[in-house]
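Dear colleague,

Please find below the structure that I promised to hand over.

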Amino acid sequence: MALEEDVVDKLIEKKYHISFAESCTGGLCCGTLVNVTNASQVLDVSFTTYANEAKIKFLGVNAETILDNGVVSEEVAREMAIGVAKAAESEVGVGVTGVAGPGGSTAKKPIGMVCFGFYVNGNVVTYTKQFGEIGRNQVRKSSVEFVFSTLKDLLK
């Protein structure tokens, strides 16, 4: 069984709904979940918030958090996860922000760096992964795999 199928089954079992706030993955997490039969039982709404302004407007990310930490940060991913769960009234919210490449990197935030926030029924955890310069689409794919692997663990 694929990771996303496991996640949908766990969400159904717990009677949870999930929502995604995606930047560098551009909706790929949500699209992967929708590939699963019965996804409609656990998904009502998600956001692709590529621009900083969209993160602020739709997810309630604090502009100061972006200024202080940069948009690619665990702090922003955390606020994205909480904000999307609140906006969607879901028990699970996932925030993803990163540098897929080939541009947009800095010395402190290289290509392939992705930050994740996971809100599960009031608890929040964050992670940063360094996927490296493996190509834009591979960074996005690796990010989705990390999201579903982590969700599977968090929903146990």
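In these notes, buried means under 20% relative accessible area, exposed means over 50%, and partly exposed lies in between (1.4 Å probe, protein chains only). This is a predicted model, in which local features need pLDDT of at least 70 and side-chain atom pairs count only at pLDDT 80 or more, while totals for chains, interfaces and linings use all residues. Residues are numbered from 1 along each chain as its sequence is written, and side-chain values use heavy atoms, with hydrogens and water left out.

I begin with the packing. A nonpolar core is taken here as a set of buried Ala, Val, Leu, Ile, Met, Phe, Trp, Tyr and Cys residues joined through side-chain atoms within 4.5 Å. The largest such core has 29 residues, and those with the most contacts inside it are Ile18, Phe20, Val92, Val94, Val147 and Leu151. Two or more residues each come from helix H1 (3–14), strand S1 (18–22), helix H2 (28–34), strand S3 (92–98), strand S4 (113–120) and helix H6 (136–154), where helices (H or I, at least four residues) and strands (E, at least two) are DSSP runs numbered from the N terminus. H6 gives the most to this core, with 6 residues. A second, separate core has 8 residues, among them Ala21, Val61, Ile66 and Val76.

Next come the aromatic rings. Rings of Phe, Tyr and Trp (its six-membered ring) pair if their centres lie within 6.5 Å, and planes under 30 degrees apart count as stacked, over 60 as edge-to-face and the rest as tilted; the count by this rule is 7 aromatic pairs. Phe116 and Phe146 form a tilted pair, at 4.6 Å centre to centre with 50° between the planes, and this pair links strand S4 to helix H6 across 30 residues of the chain. Phe116 is buried at a relative accessible area of 0%, and Phe146 is also buried, at 15%. The rings of Phe118 and Tyr127 have centres 5.9 Å apart and planes at 75°, so this pair is edge-to-face. Phe118 is buried, at 1%, whereas Tyr127, at 30%, counts as partly exposed. Ring pairs link Phe116, Phe118, Tyr127 and Phe146 into a cluster.

Finally, the cysteines. The structure holds 0 disulfides, a disulfide being a pair of cysteine sulfur atoms within 2.5 Å. The cysteine sulfur closest to that of Cys24 is in Cys29, 8.3 Å away and therefore too far for a bond. Cys24 is buried at 6% relative accessibility, and Cys29 is buried at 0%.

With best regards
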